[in-house]
Amino acid sequence: MPIVWIGRAIGHTPSVLLRKLVNDENKVMVKLEFMNPSGSIKDRPALFMIKKAEEEGLLKEGSTIVEPSSGNTAISLAMLAAARGYKMVAVVPKTTSSNKIKMLKALGARVIFSESGVPLGHPEHHYTKAVRLAKENGWVMLDQYRNEANVRAHYETTGPELHAQAIQLMGGLDAFVAGVGTGGTILGIGKYLKEVKEDVRVIAVVPSNTLISKFLGLNGDRTFHSIEGLTAMPVSSLLRKYRHLIDEVIEISDNEALETMKFLASREGIMGGLSCGANVAASLKLAREGIRVATVCPDGLIRYLDRLEL
């Protein structure tokens, strides 16, 4: 079928096996989600959320979308908004990488900054601020933190793709690893995998010693970290609703994510971003148990070049 608009190009991303960072090259598979049109996995839920809002009559010609984001969802929405004729306002923490900000502006989005590390409910928390702006201006907030289309996108697309690729490349999988942001990725893929392979382990990756760690049964009180795309505190109602899908939790430090991101590029030729570094760092720990692990590379290294000393 010919591609008639950018939304049709989303999905069907390739997966590769790690060959240098593991002893057994058939143990860790990485799905390269940075090969989506805007460069991140968030293209999938962005498309599903926009289509849902259009079907419900919330989005009409000339509508303005506002979304709180660490950058990637906002970029995906901005790309699709440009293609569909909507305006886009992104509310992002002021620590968001400068490359993401430039991408948002290039896509025609208006960028509004929020404070980093403040609790949910604080007027300058990016979620709280976006809710207020939506009400004050009559904008449409798709709300990736509550929108079931976020989970459904990965249940219907990413999950089946990843499962088929794991069978092809590794003969199957024993564990799936993903970072926790809105929860859409790990919950949607995890739900699908548990339906087709009951004993699969679904393992969440969180920044070490953060409030999200505490929410998931570990210890932590940090409200700030440097791994963009992962959350420091429980904001998502989706995560609360589908918490039962997560079997285990692995904490990754900011430095582990950064160093693994560098190793992926210099030793595997995989240009993944910070959350990819966190996911792979956790996957490598599991691979030492001799099990087959699949994970995702949510976005690309190019968005974080401002974090590297080269």
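**View 1. Aspartate 143 lies in the loop between β6 and α5.** Helices (H or I, at least four residues) and strands (E, at least two) are DSSP runs, numbered from the N terminus. The model is predicted: local features need pLDDT of at least 70, side-chain atom pairs count only at pLDDT 80 or more, and totals for chains, interfaces and linings use all residues. Residues are numbered from 1 along each chain as its sequence is written, and side-chain values use heavy atoms, with hydrogens and water left out. Aspartate 143 is not a glycine, yet its phi is positive, about 60 degrees. Most residues other than glycine have a negative phi. The relative accessible area of aspartate 143 is 12%, so the residue is buried. Buried means under 20% relative accessible area, exposed over 50%, and partly exposed in between (1.4 Å probe, protein chains only).

**View 2. Histidine 12 sits in the segment before β1 (15-17).** Here too a residue other than glycine has a positive phi, near 55 degrees. Is histidine 12 buried or exposed? Its relative accessibility is 70%, so histidine 12 counts as exposed.

**View 3. Tryptophan 139 is placed in the loop between α4 (126-137) and β6 (140-141).** Tryptophan 139 counts as buried because its relative accessibility is 17%. Leaving out residues up to four places away in sequence, tryptophan 139 touches Thr64, Val66, Val89, Arg110, Leu133 and Ala134. Contact means heavy atoms within 4.5 Å. Serine 226 is 87 residues from tryptophan 139 along the chain, and their C-alpha atoms are separated by 30 Å.

**View 4. A disulfide joins cysteine 276 to cysteine 297.** A search of the whole structure finds one disulfide. The term covers a pair of cysteine sulfur atoms within 2.5 Å; here the S to S distance is 2.1 Å. Cysteine 276 belongs to helix α10 (residues 274-287) and cysteine 297 to strand β10 (residues 293-297). The pair is 21 residues apart and links distant parts of the chain. The torsion about the S-S bond of cysteine 276 and cysteine 297 is about -95 degrees, so the disulfide is left-handed. Both cysteine 276 and cysteine 297 are buried.

**View 5. Helix α9 (residues 254-268) crosses α10 at roughly 90 degrees.** Their axes come within 7 Å. Axes are lines fitted to C-alpha atoms, for helices over the stretch in contact, and angles run from 0 to 180 degrees between N-to-C directions. Angles under 35 degrees count as roughly parallel, over 145 as roughly antiparallel, 65 to 115 as roughly perpendicular and the rest as oblique. Residues of α9 in the contact include Glu256, Leu258 and Met261, and those of α10 include Cys276, Val280 and Lys285. The contact of α9 with α10 has nine nonpolar, two polar and two charged residues. Ala, Val, Leu, Ile, Met, Phe, Trp, Tyr, Cys and Pro count as nonpolar, Asp, Glu, Lys and Arg as charged, and the others, Gly among them, as polar.

**View 6. Helix α1 (residues 43-55) packs against helix α5 (residues 148-170) at an angle of about 130 degrees.** The axes of α1 and α5 are 8 Å apart. The angle makes α1 oblique to α5. From α1, the contact is made by Arg44, Pro45, Phe48, Met49 and Lys52. Among the α5 residues are Asn150, Arg152, His154 and Glu161. Five nonpolar, four polar and six charged residues make up the contact of α1 with α5.
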